[in-house]
Amino acid sequence: MLPRWHFLFGMIFSVILWLIWPQISLLEAVIIFLSSFLIDFDHYVSAVYNTGKLGLRSSFEHYEERRKIYLIKKAKGIFMKDHLQIFHTIEFNLLILGLVLIFVWKPLIYAFIGMLFHSVLDIGWMIKTNKIHCREFSFIYWIIKRL
Ligand SMILES: [Zn+2]
């Protein structure tokens, strides 16, 4: 899902939670909102890793080029995997959940809620667009494939 949709849906989600859940302060709602789209920062990190270029523009160009390659391969019946997006892996989410359970630190709990909301949107979008096979869900599996 494109970052602009995460931004919009994350804002709606956090405002709704803030309105219907009186225990959530405005700051905590802002944490949910920020984490609901900022975890996509790993797309930029991945582009920098794969291109060696720091610029945001080169990152967008990289993904546009990959999108074109994806469509060409898809037309030939080949389904291309995305780059690993580390913040979107099961292991990273379990790490954050583990930290939430160990430290019970409220800002981290709300950041995790935003991340979870982001992942639910991503998975729903991938199912809807038939791209679920493109995502690399596991960091460990990604490493094993490279050995
Ligand atoms: Zn995402």
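Author: Let us begin with histidine 118 in this predicted model, a residue that is buried, with a relative accessible area of 0%.

Reader: What makes histidine 118 count as buried?

Author: The word applies under 20% relative accessible area, and histidine 118, at 0%, is therefore buried. Histidine 88, with a relative accessible area of 5%, is buried by that rule too.

Reader: Which atoms coordinate the zinc ion?

Author: The zinc ion is held by Asp40 (OD), His88 (NE2), His118 (NE2) and Asp122 (OD), at 2.1 to 2.5 Å. Because histidine 88 sits in the loop between α4 and α5 while histidine 118 belongs to helix α6, the two tie together parts that are 30 residues apart in sequence.

Reader: Why is the arrangement around the zinc ion called irregular?

Author: The four donor atoms subtend angles of 80 to 177°.

Reader: How do you know whether glutamine 85 is buried or exposed?

Author: Glutamine 85 has a relative accessible area of 1%, and since the cut-off for buried is under 20%, the residue is buried. Glutamine 85 belongs to the loop between α4 (56–75) and α5 (90–103), and, leaving aside residues up to four places away in sequence, touches Asp42, His43, Ser46, Tyr63 and Arg135.

Reader: What makes up the largest nonpolar core?

Author: Seven residues form it, namely Leu17, Ile24, Ala29, Ile31, Ile32, Tyr110 and Ala111. Membership requires that buried residues of the nonpolar kinds be joined through side-chain atoms within 4.5 Å. The elements giving two or more residues to this core are α2 (26–38) and α6 (106–128), with the largest share, three residues, coming from α2. Apart from this core lies another, of six residues, including Ile96, Val100, Leu108 and Phe112.

Reader: How many helices and strands does the protein chain have?

Author: The protein chain has seven helices and zero strands, which gives the pattern α-α-α-α-α-α-α when read along the sequence. Of its 147 residues, 34% are buried.

Conventions:
Residues numbered from 1 in each chain as written. Predicted model: local features only at pLDDT ≥ 70, side-chain atom pairs only at ≥ 80, totals over all residues. Heavy atoms only, no water. Buried < 20%, exposed > 50% of the residue type's maximum accessible area, 1.4 Å probe, protein only. Helix = DSSP H or I, 4+ residues; strand = E, 2+ residues; numbered from the N terminus. Contact = heavy atoms within 4.5 Å. Donors = N, O, S within 2.8 Å, 3.2 Å for Na, K, Ca; no water. Tetrahedral: all angles 85-135°; square planar, octahedral: opposite > 155°, others 65-115°.
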